[in-house]
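Please go through the assignments made for this structure and ask, for each of them, what value stands behind the term.

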Amino acid sequence: MKNFRLSLSCQLFLALVVATLFASGVAEAQSAVPFKATIAITESIELIGVPPCILVGNISGIGLATQLGKVTLVSSDCINPTDETFTEFSFFSLNDVVLTVANGDQILATYGGTLTFEGTVGVISGGYKIKGGTGRYSHASGGGDVQGVEDRITGKGNIQLTGTISF
């Protein structure tokens with residue numbers, strides 16, 4: 001049997017390649033960090049009238065987020081009454097909510113929750129899950145809570161996202 005032996009320069013090169021591959025894998029596996037966003041939203045409601053979505057809400061917004069800076073938000077949600085007085089509703093994202101940062105990279109998420117009205121003021125409570133994105137955020141993950149308020153007449157409101165994010 002013949003012994004196979006690499007030269008010292010080949011051994012060093014191979015060690016460098018393995019170390020580089022290992023280091024890039026470690027760099028991609030970022031740990032979750034706290035995330036908080038405050039976003040002013042405007043929602044316009046469209047009556048569909050039939051399941052699975054009695055109402056569809058089209059949402060746009062602008063705000064600030066830790067780890068991201070200035071963000072814009074675009075989303076559509078499926079809204080269904082949960083009581084006969086139309087003061088309580090459940091909602092969930094119809095498609096991905098898109099948070100766009102200043103350089104154009106995007107974070108994609110889904111969400112769901114409840115909206116309860118007292119008079120014209122609605123209280124939003126729910127959760128969100130980050131499921132990827134584009135550019136720097138292509139492997140983004142995380143999630144947390146959604147809290148906020150919305151005016152039934154104007155559709156204007158504010159939401160706060162609190163949780164974690166990794167990218």
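Helices (H or I, at least four residues) and strands (E, at least two) are DSSP runs, numbered from the N terminus. This is a predicted model, in which local features need pLDDT of at least 70 and side-chain atom pairs count only at pLDDT 80 or more, while totals for chains, interfaces and linings use all residues. Residues are numbered from 1 along each chain as its sequence is written, and side-chain values use heavy atoms, with hydrogens and water left out.

Q: Where is Gly119 found?
A: Gly119 lies in the loop between E6 and E7.

Q: Why does Gly119 count as exposed?
A: Exposed means over 50% relative accessible area, buried under 20%, and partly exposed in between (1.4 Å probe, protein chains only). Gly119 has 60% relative accessibility, so Gly119 counts as exposed.

Q: What makes Cys53 and Cys78 a disulfide?
A: The term requires a pair of cysteine sulfur atoms within 2.5 Å, and the sulfur atoms of Cys53 and Cys78 are 2.1 Å apart, so the pair qualifies. A search of the whole structure finds one disulfide.

Q: Why is the disulfide of Cys53 and Cys78 called left-handed?
A: The torsion about its S-S bond is about -120°, and therefore the disulfide is left-handed.

Q: Why is Cys53 called buried?
A: Cys53 has a relative accessible area of 8%, and therefore counts as buried. Cys78, at 0% relative accessibility, is buried as well.

Q: What makes Asp96 and Lys131 a salt bridge?
A: A salt bridge needs a side-chain nitrogen of Lys or Arg within 4 Å of a carboxyl oxygen of Asp or Glu; the closest N and O atoms of Asp96 and Lys131 are 3.0 Å apart, so the pair meets the criterion. Asp96 sits in the loop between E4 and E5 and Lys131 in strand E7, 35 residues apart. The structure holds one salt bridge.

Q: Why does Asp96 count as partly exposed?
A: The relative accessibility of Asp96 is 25%, and therefore Asp96 is partly exposed. Lys131, with a relative accessible area of 48%, is also partly exposed.
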